[in-house]
Amino acid sequence: MAKIIVNGGCGYIGSHTTVALQNAGFEVVIFDNLSNSRLDTLDKISEITGIRPEFEQLDCTDKQAMQDAFSRHNDAIGVIHFAALKAVGESVEKPIMYYRNNILSLLNTLEMMEKFNIPNIVFSSSATVYGIPDELPVTEESPLRPATSPYGQTKIMAETIIRDTVTANPKIHAVLLRYFNPIGAHPSGKIGELPIGVPNNLMPYITQVAAGIRERLNIFGNDYDTPDGFCIRDYIDVNDLAEAHVAALNHMIKKDVTVEIYNLGTGHGLSVMELVKAFEAATGVKLPYAITARRPGDVPAIWACSDLANKQLGWYAKTPLEETMRNAWKWQKNVSGI
Ligand code: NAD
Ligand code: UFG
């Protein structure tokens, strides 16, 4: 069985990807410092797949710890690098913490890949690299824009660091995955997104309002230049997103990849109000909401062209929105004990 190191594998996207990797026959070892996740995620993963992933509790910014762990797992054929801090607002307040964590963890990973001859890396990038796009949908050829937050900058920098590394060392192969807006949870309801404190993102806020944890959803602006005035995003089911990582690895194993970039979205934009209505329709739960001021820095509308991932990775976003909504609600009910 081919072994994959999953940095940040206890997190939201990493845990779903671990499930997908195990189901596809890969052996997974997770490196995570649990700064934004819980150890019992390993139990949940093994309840779902029947296999408990190996686990190394370590901070990817700690070079010695990384060297020790990589030397124990130098038979791995690839790394998926999820480990990062991701709260946009917090990154504006604490830029050094974000640059240190997100950049140093990647540098150590690449250095250890070189040292231990591990050839493949899949990196979690983001639609944030496109800023406010001129044309929709965005393709991988769309221009990158300077990010409005240190978090976004770390994604642009990380992409550059990976490209330069691959140019200098052709033994390293990279796939950069630009995620649009991941939502939902595993159909079992055992793993999902665990926001700490007040959620910044729309979907966990919606499910917390539905669970009665928050009084109402604040919708940030209804005066955008969009058909219904609300912001538009491309919401991608987290299980579909997880499958894209398996497809990327299989692609790299079969083909001589240098650096390849893929947008991961559904190809369809949904407004905030459309998402709210979809949640209500799928779950039968009514969501109290209020329209409030725009959130500074919000992109009015963005959605992906994922044709390249469809064609080259054979990957498609498959999960119907209704199912995604039901899974998100099932997970929230489990977490809240409803
Ligand atoms: P998450 O916070 O749930 O998972 C990240 C995991 O990495 C956590 O388990 C955390 O404990 C771990 N981690 C963080 N820093 C670490 C370090 N220095 N050493 C070891 N472990 C560390 O986040 P997520 O939503 O699963 O996101 C995964 C990746 O995808 C991140 O790189 C994020 O920037 C990117 N991304 C996420 C979204 C989104 O909306 N969720 C969108 C685009 C890109
Ligand atoms: N929104 C609300 N109310 C809320 C939360 C969000 O109305 O309580 C709206 C936002 O204004 C936006 C939409 O819901 O129009 C989606 O907001 P999210 O915060 O869920 O997602 P964003 O697209 O703004 O941000 C996400 C990630 C960032 C990443 C960015 C681009 O959270 O990390 O996508 O990839 F940088």
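**Exercise 1. Determine which residues come nearest to ligand 2, and describe its shell.**

Step 1. Ligand 2 has 21 residues around it, and Ser-126, Asn-201, Asn-218, Arg-233 and Asp-298 come nearest; a residue is near if one of its heavy atoms lies within 4 Å.

The model is predicted: local features need pLDDT of at least 70 and side-chain atom pairs pLDDT 80 or more, while totals for chains, interfaces and linings use all residues. Residues are numbered from 1 along each chain as its sequence is written, chains are lettered from A and ligands numbered from 1 in the order in which they are written, and side-chain values use heavy atoms, with hydrogens and water left out.

Step 2. Consider the polar contacts (pairs of N or O atoms within 3.5 Å). A polar side-chain atom of Arg-233 is 2.6 Å from an oxygen atom of ligand 2, and a backbone N or O atom of Leu-202 is 2.8 Å from an oxygen atom of this ligand.

Step 3. Of the 680 Å² of accessible area that ligand 2 has on its own, the protein covers 88% (Shrake-Rupley method, 1.4 Å probe).

Step 4. Helix H7 (202-210) and strand E8 (217-220) each give two or more residues to this shell; E8 gives the most, with four.

Step 5. By class, the shell holds eleven nonpolar, six polar and four charged residues. Ala, Val, Leu, Ile, Met, Phe, Trp, Tyr, Cys and Pro count as nonpolar, Asp, Glu, Lys and Arg as charged, and the others, Gly among them, as polar.

**Exercise 2. Determine how many residues surround ligand 1, and which are the closest.**

Step 1. Ligand 1 is surrounded by 27 residues, the closest being Asp-32, Asn-36, Ser-37, Lys-86 and Tyr-151.

Step 2. Oxygen atoms of ligand 1 lie 2.7 Å from a polar side-chain atom of Lys-86, 2.9 Å from a backbone N or O atom of Phe-82 and 3.0 Å from a backbone N or O atom of Ser-35.

Step 3. Alone, ligand 1 exposes 830 Å², of which the protein buries 95%.

Step 4. Helix H1 (12-23), strand E5 (120-126) and helix H6 (150-168) each give two or more residues to the shell, and E5 gives the most, with three.

Step 5. The shell divides into twelve nonpolar, eleven polar and four charged residues.

Conventions
Polar contact = N/O pair within 3.5 Å; in protein donor to acceptor, adjacent residues only side chain to side chain.
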